[in-house]
Amino acid sequence: MCGIFGYIGKDKKQASLVLEGLKSLEYRGYDSWGIVVNHNGKLKRERHTGKIGQSRTILPESDTAMGHTRWATHGGVTEANAHPHFDCSGRFAVVHNGIIENEKELRKLLIKKGHKFTSQTDTEIIAHLLEEETKKYHGNLSQLVSLIAAKLDGAFALGVMDRDRPSEAVLARFGGPLVIGLTEGYKLFASDPSALLPFTRQVIYLKDREIAWITPDNVEIMSFDNQKKRSSVTTLDWNVEKIKKDGYAHYMLKEIMEQPESLMNTMRGRIDIKGKVKLGGLEAVKDLLRDVEFIRFMGCGTAGYAGMVGAIILQELTPVVSHMEVSSEFNYSQLNWPKNSVAWFVTQSGETADVLISIDKVKSERIIPLGLVNVVGSSVAQRTTAGVYLHAGPEIAVASTKAFTSQIAALAMISCWLRQNRSNGRNGYSKSADLGMSLLKLPLAVAKTLKLRPQVKKLAKLLSGASQILFFGRGVYYPLALEAALKLREVAYFNTIGLPLGELKHGPISAMDKNRPAVVFAPFDKTIDKSRSNIQELLARDIPTFVITDKAGGKKLSDLSCEIIEVPVVHELLGPVTMAVVVQLLAYEMGLLLNRPIDKPRNLAKSVTVE
Ligand code: G6P
């Protein structure tokens, strides 16, 4: 949540460049935005509410600039609450991503000392703290920031500029992400590496409790207690084309359409033609995982639903007991860990605050944390012992699409790998080899599913007048029903709910009528006859029912008087991937019909870095 972008150089084009950087980070928060420059010995800023859109900056070009795009936490969406924030003297400018939990006490203390606040944000406190500190301390800017960082509770990624030191900026990180871009003659920083791609692929990921002192020619990394640290430079393996819309009207559509490719990238080099899976990232924990008996997957939102699908696939393939727990619930409950347990964190961004807290908690419970992460070098990737990268490429639209399908494919690969590597494999390798080979056929099946867009568009029209839509599924299709409900809520602001199909008669059906239709996921599998009966029960009560099935299921259900969409037949555990494509297109088409801001739904942000 919140995007930070900064530039420290010598060629006086910073303000407009920072604005471009902010535009590429706007999916992190779009309540308001602002930029500050150091111009002729003065800090000058502009701040605005709303999205950046086609705005141009009115600031003069200068040597150092930084900007912020906000997802409001403390204080409403007003210009006064927009970042950057200043101290009373206008010497320090601060941009911040995160939450300062002891803001109330600090604010009181600072007011007592005579500081005048102009906003309701927690961020402004940091600027005043810096001003207060300079009354007794005159060291360099990084030392000053380290003194302040020690006073802050909560999570933060900070960018600080000092009017009196025009060619430098200092960053501090505890919780929120920050990445520094390296180029000859100037340096950049951003909340997300994708924003740096147009400029450089050489980056330094700032770690927790680290401070970076940045000048046009140098980056120095220190710990919060002022010990110099070695920085390791990473080369980004994404290319700049991946962060462009490529002629699509929205990132969401682009990301839906590129799923055949993103799935291929997730599997590339990891499955051989006999279906054997190789996952280099798990080699370090191979012995530990050989006898694992319990895996608790954790995540939030879409990633959590992928984890639910993964937990079911794993249990179909191995004797490992597995379960998905929503991170925010896990964090404040006392859940037990049986013998030989591991925790596995599923997250696209690798920056979700609830997930990071879960990692700290499992570590304190002496459980090994593993990751399934898309963003290389992200906090979750750094804090887990080992794991698997998704390699799905940057996902920009707030609603997750290609990460979900890649997460399911990766979780299926992990299940195969765990089965292959068990000390007492169940029924040999054939079951995992079968799933492994089926995974290789997924990209083609997804490409064919994408061709169903005209049919899905029709379905969107039929559903758009409903007052509520109920999604139902069994087994791996129950988490898909939850994901479908989430996708339509996120993108179309639609009143939806996802339920296990077997629960239909245990309450939901009484609240359904012609304005509250059902969408049922009913592929051809061992439960098709049960699903057929449930669909008939709905139709018998004149409840409009729409079925998403596969070609084989279509034959079984064709005599029923309801709209049916048929996806290609895939392995029975992988159907949520092809059907997810229908769900995503449906959410997209409904969002379009209802004129929603597809890529940036109201009140949401892509990377949720606060609890
Ligand atoms: C937010 C987004 C969801 C996303 C969730 C988890 O709530 O709106 O679409 O699924 O965060 O994000 P992560 O980056 O951890 O996968």
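A polar contact is a pair of N or O atoms within 3.5 Å, and within protein one atom must be able to donate a hydrogen and the other to accept it, while residues adjacent in sequence count only if both atoms are side-chain atoms. The model is predicted, so to speak of local features pLDDT of at least 70 is needed and side-chain atom pairs count only at pLDDT 80 or more, whereas totals for chains, interfaces and linings use all residues. Residues are numbered from 1 along each chain as its sequence is written, and side-chain values use heavy atoms, with hydrogens and water left out.

| Residue | Part of the residue | Distance |
|---|---|---|
| S349 | side chain, N or O atom | 2.6 Å |
| E490 | side chain, N or O atom | 2.9 Å |
| T302 | backbone, N or O atom | 3.0 Å |

Of the 390 Å² of accessible area that the ligand has on its own, the protein covers 89% (Shrake-Rupley method, 1.4 Å probe). The ligand is surrounded by 13 residues, the closest being T347, Q348, S349, T352 and E490, where a residue is near if one of its heavy atoms lies within 4 Å. This shell divides into 5 nonpolar, 7 polar and 1 charged residues, and its largest share, 3 residues, comes from helix 8 (residues 301-317); helices are DSSP runs (H or I, at least four residues) numbered from the N terminus.

Pockets and cavities are found on a 1 Å grid over the protein atoms alone: a cavity is a set of points where a 1.4 Å probe fits but cannot get out, a pocket is an open set with protein on both sides within 12 Å along at least five of seven lines, and lining residues have an atom within 4 Å of a point. The ligand takes the space of the second largest pocket, a molecule being placed there if more than half of its atoms lie within 2 Å of the grid points.

The largest pocket has a volume of about 690 Å³ and is lined by 26 residues, with K23, S24, K245, Y251 and K600 nearest its centre. Helix 1 (residues 14-25) gives the most to this lining, with 4 residues, and by class the lining has 12 nonpolar, 6 polar and 8 charged residues.

The whole structure holds 3 cavities of 30 Å³ or more. The largest cavity has a volume of about 160 Å³, and of its 24 lining residues R28, D192, P193, S349 and V375 are closest to its centre.

Key. Helix = DSSP H or I, 4+ residues; strand = E, 2+ residues; numbered from the N terminus. Nonpolar A, V, L, I, M, F, W, Y, C, P; charged D, E, K, R; others polar. Points joined across faces, edges and corners; volume = space filled by probe spheres on them.
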